[in-house]
Amino acid sequence: MGPAEHGTGRGGAAAPAHSQGEPGIARTRDGRELYYQRLAGPAGAEAVPTVVFEGGLAAGRSYWAPVQAALADVAPTVVYDRSGLGRSPAAPAGVSRRLPALADDLGDLLDHLGPQGPYVLVGHSWGGPLVRVAAAARPARVAGLVLVDPSDEACELLFRPAMRRAERIGQLATVALARLGLLGRAYRSLTAALPPDAAADMRAEGYTVAMTRTRGRELEDAAGDLRALLENPPGLAGLPVTVVSAGRVSPGMPKAVRERATVSHAYRARQSPHGRHVVLPEADHMVLTTSAAELAEEVRRLVENPLGAWVTDEPQTAARAGDDSV
């Protein structure tokens, strides 16, 4: 079933019943079901790429709702739940949830939506390397990438033992809070930034013990997945890449970590001949809700002019200057 068969579009047509669009089910190559929602975009949207959003570690579709809303008059948009998140059943035991497997699932979703594309892939945090791997598998159907405060192998902090300890502690705390029914309280500000229907979905689906099990599986060997990218960088065939960094610190990202992450983002943008690095000063790591309108503007730039998205009247950022070192 292709994209045109979902949603109603605009220009006088009825609005979708849910702010994130009409539901659908895509099947992976091994038969698993992935739940997605699609907003049809404006009239004439078939002339522009479809924007497909990929969440961070164990993050489902709901927190993209503000960015989707800001792009409703720009392009069709698709959000989805990886296996074990939201309304997508968990992958059976033994089915890998490592980065290459997650990228394969995203590729299967794109095949379902329309194998030729074109798509703009937007990935937040752990979704950043994920969309890079998926794009490298079929770059001809990808119009560009927007990496939103991504995890990046160019940041040496991600390989340090302290990061592994932080991952273990974070997972234990997440499981404990979910079991006590308190995890949602830790993310009240995020949930409050969503439209009512997406917020209700997030409260019902985003803070469960089942989610924490998926989180643990996705964390199985994050350092190993990143090291594999260092050793065999995904070939993006010169695709335009916009990298968006948060300008503010946040829990888990103190000043020193924030600075090194931003340097790695500038480096990543420089690897594309059409790279753009943007720092959003009011955003913290949850850019999707703390600077949704500004993030949507960067996506719009890439959708409307992929090869010229990096051209700006403003001074070029570090992503367009300096050497390739990090």
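This is a predicted model: local features need pLDDT of at least 70, side-chain atom pairs count only at pLDDT 80 or more; totals for chains, interfaces and linings use all residues.
Residues are numbered from 1 along each chain as its sequence is written, and side-chain values use heavy atoms, with hydrogens and water left out.

Of the 326 residues in the chain, 54% are buried, meaning under 20% relative accessible area with a 1.4 Å probe, protein chains only.

Now a helix pair. The axes of α4 (residues 161-179) and α8 (residues 209-218) come within 9 Å and cross at roughly 165°; axes are lines fitted to C-alpha atoms over the stretch in contact, and angles run from 0 to 180 degrees between N-to-C directions. So α4 is roughly antiparallel to α8, the term for angles over 145 degrees. Which residues make the contact? From α4 they are G170, Q171, T174, V175, A178 and R179, and from α8 V209, M211, T212, R215 and G216. Contact here means heavy atoms within 4.5 Å.

Last, one residue. T242 sits in strand β7 (residues 241-246). Is T242 buried or exposed? T242 is buried, because its relative accessible area is 1%. Leaving out residues up to four places away in sequence, T242 touches L145, V146, L147, R276, E298 and L302.

Key. Buried means under 20% relative accessible area, exposed over 50%, partly exposed in between (1.4 Å probe, protein chains only). Helices (H or I, at least four residues) and strands (E, at least two) are DSSP runs, numbered from the N terminus. Angles under 35 degrees count as roughly parallel, over 145 as roughly antiparallel, 65 to 115 as roughly perpendicular and the rest as oblique.
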